[in-house]
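Let's take a friendly walk through a protein chain together. Have a look at the sequence and the fold, and then read on.

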Amino acid sequence: AMKVHVNWNVFETVTGSAMIGEIRAEVGPLIGKLMESGKMESHGVYADGRGGFIVLNVDSADEVLSLLYPLHDFATIETRPVVSFQELGEFLQSHAV
C-alpha cells in the first residue's frame with residue numbers, strides 16, 4: 001500500500017448557480033464513497049479557494065482513479081506519493097552517503 005496526497009481545485013470555468021448546483025450534487029456521493037472506502041486518511045478544504053486535499057492509502061494508481069471519479073469532470077487533480085518521516089529515516093539509514 002502507498003499513501004497519495006491528492007490536491008484538487010474546481011475548474012475556473014465552473015460558474016453560475018446551475019453549474020455549481022450540479023457539482024454540489026456530485027460532491028456529496030463522492031465524499032460518501034471516500035468515507036465508506038476506508039482509504040481516506042485525511043482531508044480538508046482550503047478556506048481561501050475552491051479546492052482541497054485528500055490523503056489516500058491505496059494499492060495502485062487505478063484505485064486512485066476509481067476512488068476520485070467523478071472529481072475529474074469538474075476539478076484539476078494533482079497527486080503525489082507520500083512517505084512518513086519514519087520511512088524517510090529508515091531509507092536514509094540504509095543509503096548512507
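Two strands count as paired if DSSP finds at least two bridges between them. With that in mind, turn to this predicted model, where E1 and E4 pair in the antiparallel sense over 8 bridges. One place to look is Lys-3, whose bridge partner in E4 is Val-82. E1 is also joined to E3, again by 8 bridges, and these two strands run antiparallel. Here you can find Asn-9 standing opposite Gly-51 in E3.

**The overall layout**

How many helices and strands does the chain have? There are 3 helices and 4 strands. Starting at the N terminus, the order of the elements is β-α-β-β-α-β-α. The radius of gyration is 16 Å, well over the 13 Å that the globule rule gives for 97 residues, so the chain is more spread out than a compact globule. Along the principal axes, the C-alpha atoms fill a box of roughly 55 × 25 × 20 Å.

Buried residues make up 25% of the 97 residues. The chain exposes about 6900 Å², and carbon and sulfur atoms supply 59% of that area. Now consider the contacts with a separation of 6 or more: residues 24 or more positions apart account for 70% of them.

**Charged partners**

Side chains of opposite charge can pair when their charged atoms come close.

| Glu-41 | Lys-3 | 3.2 Å |

Let's begin with the salt bridge between Glu-41 and Lys-3. This pair links distant parts of the chain, with Glu-41 in strand E2 (residues 40-45) and Lys-3 in strand E1 (residues 2-10), 38 residues apart. Glu-41 is partly exposed, at a relative accessible area of 42%. Lys-3 is partly exposed too, with a value of 34%.

Asp-59 sits in the loop between strand E3 (51-58) and helix H2 (61-68), while Lys-39 sits in the loop between helix H1 (17-37) and E2, 20 residues apart. Asp-59 is exposed, with a relative accessible area of 57%.

Is Glu-63 buried or exposed? Its relative accessible area is 17%, and buried means under 20%, so Glu-63 counts as buried.

**A cis bond and a nonpolar patch**

Most peptide bonds are trans. Tyr-69 and Pro-70, however, are joined by a cis peptide bond, with omega at about 15°. To find Pro-70, look in the loop between H2 and strand E4 (75-82).

Finally, move along to the surface patch. Val-83, Phe-85, Leu-88, Phe-91 and Leu-92 form a nonpolar patch there, and together they have about 580 Å² of accessible area. Leu-92, one of these residues, lies in helix H3 (residues 85-94).

Note on methods. Residues are numbered from 1 along each chain as its sequence is written. This is a predicted model: local features need pLDDT of at least 70, side-chain atom pairs count only at pLDDT 80 or more; totals for chains, interfaces and linings use all residues. Side-chain values use heavy atoms; hydrogens and water are left out. A salt bridge is a side-chain nitrogen of Lys or Arg within 4 Å of a carboxyl oxygen of Asp or Glu. Buried means under 20% relative accessible area, exposed over 50%, partly exposed in between (1.4 Å probe, protein chains only). Patches are made of residues with over 30% relative accessible area and no salt bridge: like charges are joined within 9 Å, nonpolar side chains (Val, Leu, Ile, Met, Phe, Trp, Tyr) within 5 Å. Accessible areas come from the Shrake-Rupley method with a 1.4 Å probe; for residues, only the protein chains shown count as cover. The radius of gyration is taken over C-alpha atoms; the globule rule is 2.2 Å times the number of residues to the power 0.38. Contact means heavy atoms within 4.5 Å.
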